[in-house]
Amino acid sequence: MQKIEVSGIKKAYRRKKVLKGVSFSAQAGSCIGILGSNGSGKSTLLSVLAGVRRADGGSFLCDGTDLLRRPGVIPKVLGYVPQGDPLMEELDAWDNLRMWYDKKTLQNSLAGGALRLLGVGEFLKTPVHRMSGGMKKRLSIGCAVVSNPGILLLDEPSAALDPVCKENIRAYLEVYKKEGGILLMVTHDAQDLELCDECYILKDGVLHPYQYDGDFHRLAGILRTED
Amino acid sequence: MAKAAAYFLAQLKRALKFAPAQLAADLLICAGAGILAYLLVAQGVFLHGGVRYRIGMVGNLSDSYLGFGISALQEMDDSRFMIELVEMSEEAAEEAFSRGELYAVMRVPDGLLESVVRGDNDCLITYTATDAQKGLGTMVMGEITDLASTLVTSSQSAIYAMQRVLVDQGRGDEVARETDKLNLVLINLVLSRSGFGEVELLGYADGLSMELYYFCNAVLLFLLLAGLLNCAFYARRHAALARFLKARGVGAFWQVLGEYLAYLCLVVMGLLALSLPLACVLERELIVIPEWEGMGVSPFWGFLRTLFPVAAMFGALQFFLYEAAEGIVNGILLQLFGGIGLGYLAGYFYPSAFFPERMRMIGNLLPSGAAARYVEEGLFGGASAGAVAAVAVWLAVFFVLAVMVRRGRIGRE
């Protein structure tokens, strides 16, 4: 995967226009951070790109292929981790992973792939309802990335996690980026923003470039004025 | 498709984790219901006159005609097996009535007989009952008052005519004797009224005996409320998983299908677990179903087969209700009230034959009514195409509705 190009994405819920023409592009090995106040449409943007919700207009080009017109391709090239954990609470980590991948692929990943980097092997037989928030988030990301998709969409990956868990996840994401993956992340976390090469603020349905300078209070001030 | 199959298997695995607790709950309910059924049916409380309506007779009962009438009802009439007439004072009757020891109080006013002899109708027997609803008890009382009217009033015309003829013919000394004779003839006719015609009892539901009717409906009610026992299956479900599935190419239809099939396995397991103790009870004849008497348990297995399509339809209903509810608590309440409402209207608690015609029609159109009709027809050699279609249509409706709700949930803001 070399490049993605998102242009003119539109989405409305009945009469409420949430996205009014979102455009940006990203190169392989880069991370895009999307910020915005609550209800600004960040999660909607990610879900549209992931094929969960249908866009009202626009295109999502991935090496020349418009994924919005060919939704069947999306699961092959893109991993999506929604807000909350997309896991079956009664099953253990292995059973949750087995839903998506065959045994061999999982064993390879546990031996030296994404699952090893995420440390999923440590709690493979633990039922999800007994896992900590950090374990659940690592497993959720694991479910999305075992097949090494070129694009990874993350919706608030660090929400409600302790610093150690955040660090674990961030370490994996750095590796993912280094290996040429394209990361698109919705976040409110200062540590996550340090990982981003470009940041945007989603305001009034369009993206505005934002240069994060490490001053989180200034960012909070900007977002507050939008509420 | 492969991912959808994998999702179904994962859901099945999930369902199997709930199975032991669910089966234990099934057996507990079965044991409770079994004990209740045994007490009510096997002990023959309703069937062999165990319950009698006690009616207090109040007022001036000293007249020999009245005394004779009451003792005739108590000693000779068929109604003696169901009705016990007790002479008592007004105060004692009121007290017993307020304590619930009497089903009704009959007040015989002073001068009733004199009024009748005069040919007046200004004195009336008043009857006060606890039941406001038109039911079996009031029907029986209706018959008794009819009987009394016939005995006391209509006969007077004949007696007066006979007395006048005798007097006109100069046979006044024979009036008393002939009047007694006529009264005896009349009483004899009234007491032997059941011999005038043959009464064929069709039962309350297309020819089912009371035992089979309640047996069928108890099992149907169990299936209708199975969503309560299986609520754990619907707990801890997050919209995030639905969205993740959609992103991986498993849309709302396949999600619902996978979950529904897994849930159905859970329901069927519950039904099979319930069927074993039921079969034992029937085999040991702890509960006797008249239609199945002497046939062993084989009719029960046939009955069980007819329940699978119903279980599938009720499963779809339960799935839809949990899908439509926001949160597990709302889902449980919806199952409870929805199930009880649907069950009541379809006659699961009380024979629908007693309902008004319009209510019965609505009950038949409901999913619970369609299920009852399907099972009843199945008991008589096979369900009609209409009954099968009704069950299939309801199943499809609930499934489609569940898919629509899921689709909305995935796309919700």
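At what angle do the axes of helix 10 and helix 15 of chain B cross, and within what distance do they come? In this predicted model, the axes of helix 10 (residues 252-283) and helix 15 (residues 385-411) of chain B come within 9 Å and cross at roughly 125°. Because angles of 65 to 115 degrees count as roughly perpendicular and those over 145 as roughly antiparallel, helix 10 of chain B is oblique to helix 15 of chain B. The crossing of helix 10 of chain B past helix 15 of chain B is right-handed. On the side of helix 10 of chain B, the contact involves B:Ala252, B:Phe253, B:Gln255, B:Val256 and B:Tyr260, and these meet B:Phe399, B:Ala402, B:Val403, B:Arg406, B:Arg407 and B:Ile410 in helix 15 of chain B. By class, the residues of this contact comprise 8 nonpolar, 1 polar and 2 charged.

Chain A contains an open sheet formed by 4 strands in the order 2-1-4-5, with antiparallel pairing. Its edges are strand 2 (16-27) and strand 5 (65-66) of chain A, each of which pairs on one side only. Helix 1 of chain A packs on this sheet, where it touches strand 1 (3-13), strand 2 and strand 4 of chain A, and the direction of helix 1 makes about 120° with that of strand 1 of chain A.

Within the sheet, strand 1 and strand 4 of chain A run antiparallel and are joined by 5 bridges, and A:Glu5 stands opposite A:Leu61 of strand 4 of chain A. A:Leu61 also has a bridge partner in strand 5 of chain A, namely A:Asp66. Strand 4 (residues 57-62) and strand 5 of chain A are likewise antiparallel, and 2 bridges join them; A:Cys62 stands opposite A:Thr65 in strand 5 of chain A. The hairpin of strand 4 and strand 5 of chain A has 2 residues between the strands, and in this hairpin A:Asp63 takes a positive phi near 50°.

The two chains also touch one another, with 25 residues of chain A in contact with 20 residues of chain B. Helix 1 (42-49) and helix 2 (74-77) of chain A each supply at least two residues of the side of chain A that touches chain B. This side of chain A has 13 nonpolar, 7 polar and 5 charged residues.

How values were computed. Residues numbered from 1 in each chain as written. Chains lettered and ligands numbered in written order. Predicted model: local features only at pLDDT ≥ 70, side-chain atom pairs only at ≥ 80, totals over all residues. Axes fitted to C-alpha atoms, helices over the stretch in contact; angles between N-to-C directions. Parallel < 35°, antiparallel > 145°, perpendicular 65-115°, else oblique. Left-handed = near helix turned anticlockwise from the far one by under 90°. Contact = placed C-beta atoms within 7 Å. Nonpolar A, V, L, I, M, F, W, Y, C, P; charged D, E, K, R; others polar. Pairing = 2+ DSSP bridges.
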